[in-house]
Amino acid sequence: MPTQPPWPEELDALTAAPHHHILLFENEFVRVLDTRVPPGQIVPLHTHRWPSALYIRSWSDFIRRDAEGLTMVDSRTITKVPEESALWSGPLPPHTLENIGDSELRAISVELKSIMEA
């Protein structure tokens, strides 16, 4: 795996936004998070330093902003992701996430910390 991005440890999702990220499992290879963002809430500035497979439990429109407050993603401008589907995400630099929809945004992420050598 490539080296980790140089983002401060204090911006890790579990440290910077513990009310929205719950650790389900972790070992030297993966970290599994349950991310929940109720309608109207803004997740504080945080990072996801590893690439991950995301399993979408429930969808809601959101706006992801970078550390300067500039919009990175407005979900209203992309194809809606069906619930109970999976997608891929690379590492995410410092960002906030605002749930602008009417329902909870929930995803299970399996972050790939390293790969096993066979």
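I started at the β5/β6 end: β5 joins strand β6 (residues 71–74) through 3 bridges, and the two run antiparallel. For my own record, strands here are DSSP runs (E, at least two residues), numbered from the N terminus, and two strands pair if DSSP finds at least two bridges between them. This is a predicted model, where local features need pLDDT of at least 70 and side-chain atom pairs count only at pLDDT 80 or more, while totals for chains, interfaces and linings use all residues. Residues are numbered from 1 along each chain as its sequence is written, and side-chain values use heavy atoms, with hydrogens and water left out.

Back to the β5–β6 pair. I found R65 opposite T71 in β6. The two strands make a hairpin with 4 residues between them, and G69 in that turn has a positive phi of about 90 degrees.

Next I looked up the sheet. I read an open sheet of 5 strands in the order β1-β2-β9-β4-β7, paired antiparallel. β1 (21–26) and β7 (85–89) are at the edges with a single partner strand each, so one side of each has no neighbour in the sheet. Neighbouring strands of this sheet are turned by 25 degrees against each other on average, direction ignored; the axes behind that angle are lines fitted to C-alpha atoms.

Then the pocket. A pocket is an open set of points on a 1 Å grid where a 1.4 Å probe fits, with protein on both sides within 12 Å along at least five of seven lines; lining residues have an atom within 4 Å of a point. I found 29 residues in its lining, with L54, F62, R64, L92 and L97 nearest the centre. β9 gives the most to this lining, 6 residues. The lining divides into 17 nonpolar, 9 polar and 3 charged residues, with Gly put among the polar ones.

Last, aromatics. I counted 1 aromatic pair, the rule being ring centres within 6.5 Å, with planes under 30 degrees apart called stacked, over 60 edge-to-face and the rest tilted. W59 and F62 have ring centres 5.6 Å apart and planes at 70 degrees, so the pair is edge-to-face. W59 is buried at 9% relative accessibility, and F62 is buried at 6% (buried is under 20% relative accessible area, 1.4 Å probe, protein chains only).

Key
Axes fitted to C-alpha atoms, helices over the stretch in contact; angles between N-to-C directions. Phe/Tyr/Trp six-rings, centres within 6.5 Å; stacked < 30°, edge-to-face > 60°. Buried < 20%, exposed > 50% of the residue type's maximum accessible area, 1.4 Å probe, protein only.
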